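Colleague: I am new to this structure and would like to go through it with you. Could we begin with the backbone and move on from there?

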Amino acid sequence: MRKWIAVERKYRFMQTVVRPIDAWEPYEDITKYGKLTLSNIEFTTTNLCNMRCAHCAVGYTLQTKEDPALPMDQIIKALDEVETLRVMSFTGGEPLMTKRGIRTNILPLLQYAKSRGIRTQINSNLTLPMDHYEIVAPYLDVMHISHNWSDEREFVETGFAMMDKKPSVAQRATLYRNILDNARALANGGMFVSAETMLNRNTVPHLAKIHNEVANEMLCRRHEIHPMYPSDFASDLSTITLDEYRDVVNHLLDIRNEEVWMLFGTLPFYPCSTDERDRAVLARIKAAHNTTIRNDVDGRSRMNVNIFTGDVSVSDFADDGAALGNILTQSLPKIYEDWLETHISESINCHCPAAKCLGPNILVKNMYYPEHRFMSGTVK
């Protein structure tokens, strides 16, 4: 038995029941404070990765040598000013790429979060040796992985599509098998493993196989379903239409393992829709066992902090291209309040209490509803 398995794990906030509790749901801030609130910080913790996926939204930022990070005590001082902080996540690149990066940049923030009772998530490709994960396991609440592979062959090709000098096919295939083995080992050790699948024309034909792998081979506690953004590095990938999206949701609900929590995030259907097919899809999701819909967090409750520069943005990719501020010169609450007053924020700042809906984020609005104006309170 691995040494970290003996550490007491408490997942009371995410038990697999009829309606699991999603700690990352931004509507919790509306319920508690009556308004949008900064409660979620996402950190860009590395620009390194052992892969170069065709669908990676931040592939243009990846490097072969790491920049020096800001002192962690400086970042923690900025976090101390966010009294409403309740969740944190770590992204990259591959956040767990190097043990030095884990110990220097991630572990202090995980330990800080645990001391404040803040829930944490790491976004990893799960291909690395197990001892990388053992370092963070005692402090981590959710291990999050993107799983968009139809089979080993696609992983070997698509997962390294943007890499100039690729590992051998055999080496890449080993990394694919590591994903399944690591997910299983972490799940059996008590870790909450959540796999996200992004919907595009590459993944949709293989969703039954992907879900079976997530639920029954990797033993993930949750399967997240999100749209694929045609943004930045992944701008050439083909998105699906709203009609296709409805069919996909119904298909997933038909074939899923109901013991695994299915979370629909950034769902482009809303209770105010005049299309009865949209309302039918929403009703089916809400009636299904062990399913939830997450309001979008980007720009609602979450801001991204780059640990190398201190820059703060709406997300780690695809906002208006400019930092909203910097923690070296401004407080996170002030940057967040300034963001809420921007034109971009106001264009998507939609809230319907009757449906507990916060509307689309800017990417979904631009992708599916470019001419539509979302107005608060339209659901009665």
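Colleague: Where is glycine 93 found?
Modeller: Glycine 93 lies in the loop between β2 (87-91) and α3. Helices (H or I, at least four residues) and strands (E, at least two) are DSSP runs, numbered from the N terminus. The peptide bond leading from glycine 92 to glycine 93 is cis, with omega near 10 degrees.

Colleague: What kind of model is this, and how are residues numbered?
Modeller: This is a predicted model, in which local features need pLDDT of at least 70 and side-chain atom pairs count only at pLDDT 80 or more, while totals for chains, interfaces and linings use all residues. Residues are numbered from 1 along each chain as its sequence is written, and side-chain values use heavy atoms, with hydrogens and water left out.

Colleague: What is phi of leucine 219 near?
Modeller: Phi of leucine 219 is near 60 degrees, which is a positive value in a residue other than glycine. Leucine 219 belongs to the loop between α7 and β6 (222-227).

Colleague: On to the helices. At what angle do α7 and α8 pack?
Modeller: Helix α7 (residues 207-217) and helix α8 (residues 242-255) pack at about 45 degrees, and their axes are 10 Å apart. Axes are lines fitted to C-alpha atoms, for helices over the stretch in contact, and angles run from 0 to 180 degrees between N-to-C directions. α7 is therefore oblique to α8; angles under 35 degrees count as roughly parallel, over 145 as roughly antiparallel, 65 to 115 as roughly perpendicular and the rest as oblique.

Colleague: Which residues make that contact of α7 and α8?
Modeller: Leu207, Ala208 and His211 of α7 meet Val248, His251, Leu252 and Ile255 of α8, where contact means heavy atoms within 4.5 Å. These residues comprise five nonpolar, two polar and no charged. Ala, Val, Leu, Ile, Met, Phe, Trp, Tyr, Cys and Pro count as nonpolar, Asp, Glu, Lys and Arg as charged, and the others, Gly among them, as polar.

Colleague: And how far apart are the axes of α6 and α7?
Modeller: The axes of helix α6 (residues 169-188) and α7 are 9 Å apart, at an angle of about 40 degrees, so α6 is oblique to α7. The contact joins Tyr176, Leu180 and Arg184 of α6 to Lys209, Glu213 and Glu217 of α7. By class, the contact of α6 with α7 has two nonpolar, no polar and four charged residues.

Colleague: What about α2 and α3: at what angle do they cross?
Modeller: Helix α2 (residues 72-80) and helix α3 (residues 99-116) cross at roughly 30 degrees, their axes coming within 10 Å. That makes α2 roughly parallel to α3. Residues in the contact include Ile75 and Leu79 of α2 and Pro108 and Tyr112 of α3. The contact of α2 with α3 has seven nonpolar, two polar and two charged residues.

Colleague: A change of topic: which element gives the most to the lining of the largest pocket?
Modeller: That is β8, with four residues. α1 (27-33), α9 (276-287) and β8 (291-294) each supply at least two residues of the lining. By class, the lining of the largest pocket has 13 nonpolar, seven polar and eight charged residues.
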